[in-house]
Amino acid sequence: MSRWSRSLQRYTVCVGFVCGLCWQVSYANTSIADTGETLDLTETLQITDHPQSLQQLASLNQETALLTPDQQWHLRYLNAWEAMYESDYAKSETLFQDIIRHSSNPIWADRASALLLSQFGITRHYTDAFELANHLTARLPQVTDAKGRFAILLNLSQSLGLAGQTDLAVHYARMAMAVAPAGKGSCYSASSLVQALSNGHRLKLDSPELQQAIDACTAAKVPVYSTDLQLTLVALYLNEGQPRKALALLDQIAPAINVDGYVPNKLEALVNRAQALAVIGNDGSARKVALSVVAMDPSSDWLKDAYEVLYRIEKKQGNTAAALDYHEKFAALDKAYLDDIHARALAYEAVQQHVLAQKLDTEKLSEQNAGLRAQQKLDAKTAEANRLYLVLLLMALGFGALAMFRLKRSQLRFKRLSHLDGLTAIYNRQHFMGEAGRLLYQLEKRRGAACVAIIDLDHFKSINDTHGHAMGDEVLRRVVAACKQHLRTVDLFGRLGGEEFGILLVDCSREQSIAIAERIRAAIEATSVELDSVVVKISTSIGLAFTDAAGYDLRSLCTGADAALYGAKRGGRNCVMAGVEDLAMA
Ligand SMILES: Nc1nc2c(ncn2[C@@H]2O[C@H](COP(=O)(O)OP(=O)(O)OP(=O)(O)O)[C@@H](O)[C@H]2O)c(=O)[nH]1
């Protein structure tokens with residue numbers, strides 16, 4: 001028969017030993033005060049002396065207050081193991097999940113995960129098993145706890161073997177062998193390798209792995225495993241058409257099987273014996289052995305093989321009805337068995353597809369995220385560039401505006417300067433004449449009165465000649481200052497040239513104008529100009545012309561004022577001559 005048919009049962013066996021991890025620990029003294037040691041000892045006893053371990057576990061569960069938080073997780077792990085051992089899978093799964101999710105110590109989480117992986121295989125929760133297997137495969141590089149790593153590797157090999165992934169099962173079994181502790185650890189890992197090869201139909205009678213595993217388990221004194229491996233050899237004899245050798249080996253290991261009392265091995269041996277007897281034609285014995293298997297009412301795997309033997313014997317002997325009956329039973333179990341293999345393969349593929357889809361989704365998301373991040377970076381850079389452009393633009397506009405402002409101010413300044421006399425800072429002749437003409441035009445429209453006064457300093461040449469041009473310039477500035485004292489802001493004041501100044505008195509009657517001119521004359525006369533300790537006295541002659549007589553034409557007014565000025569000079573200087581009438585009088 002195929003070793004496949006026994007895989008799940010062997011799976012259970014392996015789990016039972018692996019999770020116990022029966023390291024070489026002495027347990028003579030079971031009343032240890034140190035709770036940490038008690039926990040370790042209890043773990044050992046779970047395999048080597050189960051009744052004793054139950055007592056230890058009960059004591060520990062009553063003294064949880066004495067345990068550290070980490071020891072409490074260890075205790076939960078032992079309780080989970082116990083529940084699984086007792087086939088209370090609902091309870092053990094709850095406990096395992098609690099440890100996996102909430103234990104802060106990865107040692108317990110990893111060991112619990114390894115056991116839960118086993119349990120999922122036993123309970124045929126294949127999807128859960130392969131999902132957990134994927135998780136543990138990814139987690140493996142971080143597992144530093146030797147026991148946890150070993151347990152994970154063994155159970156990965158087991159679960160992947162169940163999925164028909166022989167290469168992976170062999171790979172993890174070899175990894176487990178590489179880290180296996182001497183003794184039982186070597187036996188368990190070597191047996192896992194044999195099982196992986198057997199499940200993948202890669203095991204031959206002369207495969208060195210088989211003998212290596214038998215030697216390891218014999219040396220480690222693990223009789224159940226040794227017997228199981230011998231049964232693997234029996235199956236190979238049967239598969240290769242050597243039933244007598246199979247029977248010989250079964251006879252050889254029969255005493256050990258009885259001593260072990262391990263039911264799966266006992267059933268396996270019986271089924272193999274029935275098959276071998278049937279092949280050699282000993283139908284009566286074969287039927288008897290097969291019926292003994294049926295009587296034990298085992299799980300489907302052995303029952304299926306037993307019914308197959310019975311069906312072939314009845315058919316061979318022409319017992320059609322019995323043959324048909326056995327065939328129906330065999331076919332039903334065989335279908336269930338094939339369905340189970342199919343279910344494992346499907347679950348494995350579904351999980352791989354799911355993982356692949358998740359990976360693709362993750363990659364797609366990563367790509368999208370990368371794209372988004374790149375877009376965000378681009379957007380940020382664009383925004384930054386835009387801000388920069390805006391700042392530059394504003395700066396350019398600012399600078400432009402500033403430049404414009406400066407240019408305008410400069411233009412205005414030049415314009416203003418171009419309107420002013422350089423020495424006295426009052427209007428020059430050109431601007432004075434232009435402004436005077438404009439004002440007179442406005443005055444004419446509203447018939448306002450105005451007066452043009454021309455002021456000419458007396459004997460200015462002699463000041464220059466006597467005291468120099470600097471004194472002459474200073475005199476000119478002081479004269480302007482004196483005139484401004486008596487002018488209103490509406491009046492127009494300009495230097496017409498040399499020592500000659502013009503004034504347009506706006507909205508000023510003849511009398512008011514004469515009075516102002518007289519005050520200006522008096523002020524100039526009163527002015528003493530001192531420069532380098534030299535004091536100069538000055539005077540001025542002023543000629544006036546009025547709009548009420550000369551009209552609003554500037555030229556006429558200037559001519560009139562000039563004529564009046566001429567009169568003032570002729571009249572002895574230092575006086576005001578008002579209009580043509582005065583000139584006529586003069
Ligand atoms: N210091 C100085 N002298 C100037 C300036 N502009 C003209 N003058 C001088 O002013 C003098 C004018 O002299 P004149 O035209 O003979 O007149 P005046 O000496 O005042 O004689 P009357 O007008 O007849 O009293 C000349 O000597 C010019 O050189 C100036 O900006 N600064």
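# A guided tour of the predicted model

Begin by selecting Tyr77, which is found in helix H4 (residues 69-85); helices here are DSSP runs of H or I with at least four residues, strands are runs of E with at least two, and both are numbered from the N terminus. Residues themselves are numbered from 1 along each chain as its sequence is written. What you have open is a predicted model, in which local features need pLDDT of at least 70 and side-chain atom pairs count only at pLDDT 80 or more, while totals for chains, interfaces and linings use all residues.

Is Tyr77 buried or exposed? Tyr77 is buried, with 24 other C-beta atoms within 10 Å, where buried stands for 20 or more such atoms within 10 Å, exposed for 12 or fewer, and partly exposed for what lies in between, with C-beta atoms placed from the backbone. Although Tyr77 and Arg111 are 34 residues apart along the chain, their C-alpha atoms are separated by 8.2 Å.

Next, show the whole protein chain, which has 24 helices and seven strands. Of its 586 residues, 41% count as buried, and among contacts between residues at least 6 apart in sequence, 60% join residues at least 24 apart.

Colour the chain by pLDDT, the predictor's confidence in each residue from 0 to 100. The mean for the protein chain is 86, and 91% of its residues reach 70 or more. Select residues 1-32, where pLDDT stays under 50, and then residues 582-586, where pLDDT also stays under 50. Where pLDDT is low, the predicted coordinates should not be read in detail. The model scores ipTM 0.94 and pTM 0.55.

Move on to the ligand, which is surrounded by 16 residues, the closest being Phe460, Lys461, His469, Gly472 and Gly498; a residue belongs here if its C-beta atom, placed from the backbone, lies within 6 Å. Strand E1 (450-457), helix H19 (460-467) and helix H20 (469-484) each supply at least two residues of this shell. By class, the shell has four nonpolar, six polar and six charged residues.

From there, select helix H21 (residues 510-525), whose 16 residues should span 22 Å at 1.5 Å a residue, a figure that agrees with the 22 Å between its end C-alpha atoms; the expected span is 1.5 Å times one less than the number of residues. Within H21, Ser513, Ile514, Ile516, Ala517, Ile520, Arg521 and Ile524 are buried. These residues cover an arc of only 165° around the axis, which puts them on the same side of H21, the arc being that of the directions from the helix axis to the C-beta atoms. What covers them includes E1, H20, strand E3 (500-506), strand E6 (540-546) and strand E7 (576-578).

Finish at two loops. Which loop holds His201? His201 lies between helix H10 (184-199) and helix H11 (208-219), and its phi is near 55°, a positive value in a residue other than glycine. His201 is exposed, with 12 other C-beta atoms within 10 Å. Then select Asp532, in the loop between strand E4 (528-531) and strand E5 (534-537). Asp532 has a positive phi of about 50° although it is not a glycine, and with 9 C-beta neighbours inside 10 Å, Asp532 counts as exposed.

Definitions and conventions: Two residues are in contact if their C-beta atoms, placed from the backbone, lie within 7 Å. Ala, Val, Leu, Ile, Met, Phe, Trp, Tyr, Cys and Pro count as nonpolar, Asp, Glu, Lys and Arg as charged, and the others, Gly among them, as polar.
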